[in-house]
Amino acid sequence: MTATVDTTTSAPNSEGYREFTLGQFTFKRDEYFAYISWPTGSHIMSVDAFLRALQRDVAWNFFYGIVNFDGVFGTMNHYGTVDIFAGRYNDAYRKAELDYTENIETSIIKGVFESMLDDWTNETFDPFASPHETGSAFGVKNGDNRAAITRHRVTAARMVNLPEDEGLRSDETGHPINRHFLDVPQDEPEVEVEPGFENDVASFNLFAYLSRSQVTWNPSVVSVCKDSLYCPTTEEYILPIIHGNDRVEWFVQLSDEITWEVEDRETGAVRSRVVMKAGDVCAMPADIRHQGYSPKRSMLLVWENADPALPDLIASGKTPTYPIEF
Ligand code: PHB
Ligand code: FE
């Protein structure tokens with residue numbers, strides 16, 4: 001734990017990239033790799049995978065629970081502060097007592113992560129795009145890609161196509177249909193609204209909307225009912241983080257297929273592999289971590305419960321880690 005957090009950054013190295021410091025963690029990159037070090041150890045990751053994970057951690061404001069960049073490094077959200085850790089959820093690091101964690105105020109870690117993402121992302125690379133739809137992350141420093149890395153998740157105020165959210169309709173986004181979704185019908189449903197209810201009744205073609213998404217593994221909130229959030233997303237290649245849940249979440253596979261590797265949240269021990277085909281529904285328990293593999297662009301509905309009381313209820317055992325008793 002550090003009382004004052006050192007967030008020094010350096011002059012560019014010989015490849016043109018700056019070095020970053022967050023507490024006692026340091027971050028460096030060269031042409032191919034990101035290097036992370038802390039008082040009890042160090043770690044190396046391919047820089048494309050590192051930037052894809054960093055992009056989501058920043059854009060999702062540290063998400064629900066744990067964002068593992070891989071089996072060693074990641075963050076845990078305490079909603080106001082964030083733990084930054086190495087080896088904390090890795091059995092071998094824990095047993096060797098080499099794991100290391102610092103707790104940092106959210107605004108401070110966010111600032112450093114944003115600067116690092118900005119400095120380390122070249123003009124050719126879009127961390128949100130599928131590998132087939134972006135250029136390279138590698139090589140010496142070559143410009144920046146601010147438009148791509150400062151995208152925000154589209155948040156509906158009420159529901160797509162209701163008056164306050166009309167701008168979210170697929171035919172108004174100007175986005176082309178993705179190459180994998182050329183067969184998705186684009187017609188919109190017709191609704192005849194009883195006079196007086198024009199402000200409250202609407203519908204839209206979710207498949208058409210998703211067929212035009214330019215990003216992968218980036219859920220958008222399309223409807224909110226109290227704490228119940230419908231967050232559909234389009235997926236291709238690998239979810240860039242291994243998500244450690246602090247609550248149950250449900251997946252509805254809307255098209256194609258995703259394979260989920262499911263591991264124990266604390267140790268990383270393998271628990272199961274879940275193959276979801278179009279129409280399949282599953283719940284991910286609150287004591288696991290998971291990473292999805294989508295061989296072809298697919299549509300997934302992530303159903304989240306945003307109740308802020310859940311992490312404590314689950315951690316204290318008052319609420320079970322699974323969603324339903326059959
Ligand atoms: C998840 O961690 O549950 C998750 C995150 C992003 C996605 C899909 C699922 O696109
Ligand atoms: Fe998840």
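Predicted model: local features only at pLDDT ≥ 70, side-chain atom pairs only at ≥ 80, totals over all residues.

Residues are numbered from 1 along each chain as its sequence is written, chains are lettered from A and ligands numbered from 1 in the order in which they are written, and side-chain values use heavy atoms, with hydrogens and water left out.

**Metal site**

His243 (ND1), Glu249 (OE) and His290 (NE2) coordinate the iron ion (ligand 2) at 1.8 to 2.1 Å. Donors are N, O and S atoms within 2.8 Å of the metal (3.2 Å for Na, K and Ca); water is not among the atoms, so sites may look incomplete. Along the chain, the donors of the iron ion follow the spacing H-x5-E-x40-H. Because glutamate 249 belongs to strand S12 (residues 249–253) and histidine 290 to strand S16 (residues 288–305), the pair ties together parts that are 41 residues apart in sequence. Helices (H or I, at least four residues) and strands (E, at least two) are DSSP runs, numbered from the N terminus. Glutamate 249 and histidine 290 are both buried, where buried means under 20% relative accessible area, exposed over 50% and partly exposed in between (1.4 Å probe, protein chains only).

**Strand pairing**

Two strands pair if DSSP finds at least two bridges between them. Strand S13 (residues 257–264) runs antiparallel to strand S14 (residues 270–277), with seven bridges joining them. Glutamate 263 has valine 270 in S14 as its bridge partner. The hairpin of S13 and S14 has five residues between the strands, and glycine 268 there takes a positive phi near 85 degrees. S13 is also joined to S16 by six bridges, again in antiparallel fashion. Here valine 262 stands opposite histidine 290 in S16, the latter being one of the residues that coordinate the iron ion.

**Helix H1**

H1 has 13 residues and spans 18 Å from its first C-alpha to its last, close to the 18 Å expected at 1.5 Å a residue; the expected span is 1.5 Å times one less than the number of residues. Since 11 of the 13 residues of H1 are buried, the helix is largely enclosed by the rest of the structure. Among the buried residues are Phe50, Leu51, Arg52 and Arg56. Just after H1, asparagine 61 takes a positive phi of about 55 degrees.

**Cavities**

On a 1 Å grid over the protein atoms alone, a cavity is a set of points where a 1.4 Å probe fits but cannot get out, and lining residues have an atom within 4 Å of a point. Two cavities of 30 Å³ or more are found.

| Cavity | Volume | Largest contributor to lining |
|---|---|---|
| Largest | about 120 Å³ | S16, three residues |

Of the 15 residues lining the largest cavity, Phe63, Pro219, Leu239, Trp260 and Val302 are the closest to its centre. Strand S10 (228–238), S12 and S16 each supply at least two residues of this lining. The lining of the second largest cavity includes Arg52, Arg56, Glu236, Tyr237 and Ile238. Helix H1 (47–59) and S10 are the elements that give two or more residues to the lining of the second largest cavity.

Conventions
1 Å grid on protein atoms, 1.4 Å probe; cavity = no way out; pocket = protein on both sides within 12 Å on 5 of 7 lines; lining within 4 Å. Points joined across faces, edges and corners; volume = space filled by probe spheres on them.
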